[in-house]
Amino acid sequence: MSSSINGAPGGSGTAAPARPLGEMVFAGMIVCIGVVGFVAGAGIPIPPSAGVVGPRVFPFLVSGIMVAIGIGLLIQLLRGHTGAAEEGEDIDPSVKTDWLTVGKLVGFLAIHIALIVPLGWPVAAAVLFFGSAWSLGAKPWWRNAIIAVVLALILQFVFAGLLGVSLPPGFLLEGVEIFNG
């Protein structure tokens, strides 16, 4: 009984790619995020009242785990051990990526970021929610708009009104106390 390294039957006649570029990029990004965590954690000031376990321990621990996992994954990939392909029933590997939809989603995210400061979180979030629903094909548009506005107001109320997280309310909700963090 023969089998290839990636778990597929050896007699299939198709060879696994020598270097799975996408998986290697992912593993490299995990290592990079871990290194950035170390750098950011080193910048955390330690108060004089800190005991043995200071404020840097948790960021260093998480960063160390990420670097170790990323390096381990890179080593496994370089040794030829790749992940098995997903065999979910809702995945069709022959379908190409819909770059128009991806572009719309990225565009609405950029609009959201640009609108947060001048118009406030609720307006920017409503635009993002509506744009995402429209981009993904949800219909009718008016229902999407109503749901987007309601969700944005609920989020503004929960974060700013209940949790005290300062989200910019914008000029429309500036004086409404329950929406100010």
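A: Let's start with a term: pLDDT is the predictor's confidence in each residue, from 0 to 100. You need it here, since this is a predicted model. The protein chain has a mean pLDDT of 82, and 81% of its residues reach 70 or more. One stretch to treat with care is residues 1–11, where the pLDDT is below 50. Beyond near neighbours in sequence, that stretch has 10 contacts in the model.

Now the overall picture. Of its 181 residues, 19% count as buried. The chain exposes about 12500 Å², with carbon and sulfur atoms supplying 73% of that area. And if you take the contacts with a separation of 6 or more, 52% of them are between residues 24 or more positions apart.

Okay, time to zoom in on helix 3 (residues 99–119) and helix 4 (residues 121–135). Their axes come within 7 Å and cross at roughly 170°. Angles over 145 degrees count as roughly antiparallel, and helix 3 and helix 4 are therefore roughly antiparallel to each other.

Which residues do the meeting? On the helix 3 side, they include Leu105, Phe108, Ile111, His112 and Leu115. On the helix 4 side, look for Trp121, Ala124, Ala125, Leu128 and Trp134, among others. Sorted by type, the residues of this contact divide into 14 nonpolar, 5 polar and 1 charged.

Let's pick one of them, His112, which is found in helix 3. Is His112 buried or exposed? The cut-off for buried is under 20% relative accessible area; His112 has 6% relative accessibility, so it counts as buried. Leaving aside neighbours within four places in sequence, His112 is in contact with Trp121, Ala124, Ala125 and Leu128. Take Ala125 as an example: His112 and Ala125 are 13 residues apart in sequence, and 6.5 Å apart in space, C-alpha to C-alpha.

Before you leave this region, follow the chain out of helix 4. In the loop between helix 4 and helix 5 (141–162) you'll find Pro140. A cis peptide bond joins Lys139 and Pro140, with omega at about 0°.

Terms used:
Residues are numbered from 1 along each chain as its sequence is written. This is a predicted model: local features need pLDDT of at least 70, side-chain atom pairs count only at pLDDT 80 or more; totals for chains, interfaces and linings use all residues. Side-chain values use heavy atoms; hydrogens and water are left out. Axes are lines fitted to C-alpha atoms, for helices over the stretch in contact, and angles run from 0 to 180 degrees between N-to-C directions. Helices (H or I, at least four residues) and strands (E, at least two) are DSSP runs, numbered from the N terminus. Angles under 35 degrees count as roughly parallel, over 145 as roughly antiparallel, 65 to 115 as roughly perpendicular and the rest as oblique. Contact means heavy atoms within 4.5 Å. Ala, Val, Leu, Ile, Met, Phe, Trp, Tyr, Cys and Pro count as nonpolar, Asp, Glu, Lys and Arg as charged, and the others, Gly among them, as polar. Buried means under 20% relative accessible area, exposed over 50%, partly exposed in between (1.4 Å probe, protein chains only). Accessible areas come from the Shrake-Rupley method with a 1.4 Å probe; for residues, only the protein chains shown count as cover.
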